[in-house]
Structure formats: structure tokens, C-alpha cells
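Reader: Hi! Could you walk me through this one? I'd like to go over the side chains with you.

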Amino acid sequence: MCQSILGLVSIGDCSIQAASKAGHISQIKSVDTKIWSILGLYTTSTTIVKGN
């Protein structure tokens, strides 16, 4: 999960590699991104990886 404040400061790792490693996935079948924002001031982004 990544967090961003005003688009200037970003915290976290939203890469596909980090998501697959966290979920112990070796074969990726699909990738999705979920984004949540409050007027662009505060944004969170989550990368969702599915597979085996």
C-alpha cells in the first residue's frame, strides 16, 4: 500500500513485485489497483495481485 500527501510526499511500495512477494505468489494471473483519495490531498493506492 502506498500513501501520498499532496502528490509531493509518497510513502510505501506499490510495485507488483512487492505485492506478489507479500502474498507469496509465484505465478501472476491478474493485477488490479485500488485507489482512494480525499480531494487529491491524501491518496492511498493498493496493488492487488492474484495467482498461484
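Reader: Is Trp36 buried, partly exposed or exposed?
Author: Trp36 counts as partly exposed, at 49% relative accessibility. Buried means under 20% relative accessible area, exposed over 50%, and partly exposed in between (1.4 Å probe, protein chains only).

Reader: Good. What should I know about the model itself?
Author: This is a predicted model, where local features need pLDDT of at least 70, side-chain atom pairs count only at pLDDT 80 or more, and totals for chains, interfaces and linings use all residues. Residues are numbered from 1 along each chain as its sequence is written, and side-chain values use heavy atoms, with hydrogens and water left out.

Reader: Which ring does Trp36 pair with?
Author: A search of the whole structure turns up one aromatic pair. Trp36 and Tyr42 sit edge-to-face, 6.3 Å centre to centre with 75 degrees between the planes. Rings of Phe, Tyr and Trp (its six-membered ring) pair if their centres lie within 6.5 Å; planes under 30 degrees apart are stacked, over 60 edge-to-face, the rest tilted. Tyr42 is partly exposed too, at 29%.

Reader: Switching topic: how many disulfides are there?
Author: There is one disulfide (a pair of cysteine sulfur atoms within 2.5 Å). Cys2 is joined to Cys14, with S to S at 1.9 Å. Cys2 belongs to strand E1 and Cys14 to the loop between E2 and helix H1 (16-22), twelve residues apart. Helices (H or I, at least four residues) and strands (E, at least two) are DSSP runs, numbered from the N terminus.

Reader: Why is Cys2 called buried?
Author: Because its relative accessible area is 12%. Cys14, at 23%, counts as partly exposed.
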